[in-house]
Amino acid sequence: MKIAIDARTMGSRPSGVGMYLNDFLNQLIKYDDLEFYLLSDVAESEYIRNFEKMGIPVVTQGKKIYKSAGVYSYFSFVQRELNRIKPDIFWEVNTVIPVKLKGNFRIMITVHDMFPIEYVQYFGKVYSLYFKHGLSKTLKETDMILYNSMQTKLTTEEYFPVSRNIPNCNGYIIANPLKKTWENSDKDFFLYVGNMEKRKGVDLLLKGFQKYRQNGGTRKLVLAGKMQEDDIRIQLQEAMDKDSNITYLDYVTHDKKHELYASMSAFVFPSKAEGFGMPVIEVMKFNKPIIASNLPIFQEITDGSINTFDIDCSEAEQINNLAAALDGYNPYVDETAYRDTVNRFSPQKLGKTVHDFIMEQKI
């Protein structure tokens with residue numbers, strides 16, 4: 001079966017969606033009955049280049065996509081390539097297909113979350129309307145849906161009842177085993193890794209950490225991830241100007257991220273909206289304490305084996321709750337519970353789940 005994939009989220013400095021594709025593709029290419037073609041705006045990341053080295057065809061438009069107008073131009077390129085490749089399936093990993101694609105192929109999409117609809121304040125009204133309208137049109141043409149959690153499936157079906165009638169699979173997200181052994185230490189700092197944006201709770205983290213320090217806390221704070229919002233950039237700079245115990249590393253490599261996991265005191269993930277939360281599972285492989293917001297998704301994927309703090313309250317209360325969690329989190333880690341959780345998301349298990357789902361829908 002020939003599958004063409006929109007791989008632009010993996011083309012340059014991939015974060016959540018890009019790494020989701022990278023991890024599943026690494027498993028799916030092991031099946032001889034699947035043949036892949038990657039379409040992207042550029043092919044700059046080490047991840048997409050690795051697939052080129054393995055002989056997976058990668059075709060690029062040749063310029064990075066930033067704005068909505070660029071996305072429409074990009075999909076003209078996608079249509080031309082689909083006409084040439086003639087795949088059995090086109091897989092849109094980034095949920096929305098903004099144009100109606102023509103061809104004798106089935107369309108599979110991955111739905112990661114409904115956040116642009118649920119949390120308009122983080123995305124803006126224009127993008128929220130684009131997402132809602134775009135997904136409504138996309139679902140009319142969609143033959144198969146992959147979800148990254150039961151929470152995402154239920155929310156999608158609430159907003160788009162038509163999705164209930166489309167064959168679907170809860171694929172979750174792959175947790176890859178560590179490729180090398182890391183020696184754990186405690187260098188007395190809290191760590192956040194993820195996109196630098198309000199939806200991820202970075203604003204809350206900066207305020208909560210400053211409150212923690214005012215209350216006598218002594219640990220430092222290290223943040224790593226792509227800067228996504230100007231107001232977060234400004235808030236971060238102001239916080240660092242006031243407190244030299246805050247360090248921002250920008251986007252870090254895979255190995256650097258693992259080095260940070262191995263040497264931190266605890267991982268802090270104060271997300272206000274999350275479709276899955278892969279960093280939480282990644283940290284479990286290092287048997288380090290985790291402090292996260294009390295979102296339902298974290299209960300779903302961890303079965304309550306981590307520290308949480310309440311965000312179902314005012315911002316002032318959220319800040320106080322996080323500061324208290326930083327000061328009084330439980331440092332004990334149930335390694336058996338961590339191991340059981342990680343095993344639920346093993347590459348072989350989830351890769352087979354998605355492969356079997358694809359083959360079951362074969363025409």
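Reply: Start with Asp 41, in the loop between β2 (35–40) and α2 (46–53). Helices (H or I, at least four residues) and strands (E, at least two) are DSSP runs, numbered from the N terminus. This is a predicted model: local features need pLDDT of at least 70, side-chain atom pairs count only at pLDDT 80 or more, and totals for chains, interfaces and linings use all residues. Residues are numbered from 1 along each chain as its sequence is written, and side-chain values use heavy atoms, leaving out hydrogens and water.

Me: What is the nearest side chain of opposite charge to Asp 41, and how far away is it?

Reply: Arg 8, 6.0 Å away. Asp 41 is buried yet has no salt bridge. Buried means under 20% relative accessible area, exposed over 50%, partly exposed in between (1.4 Å probe, protein chains only). A salt bridge is a side-chain nitrogen of Lys or Arg within 4 Å of a carboxyl oxygen of Asp or Glu. For charge, Lys and Arg count as positive, Asp and Glu as negative; His and the chain ends are not counted.

Me: Switching topic. Where is Asn 245?

Reply: In the loop between α9 (230–242) and β10 (246–248).

Me: Buried or exposed, that Asn 245?

Reply: Asn 245 is buried, because its relative accessible area is 15%.
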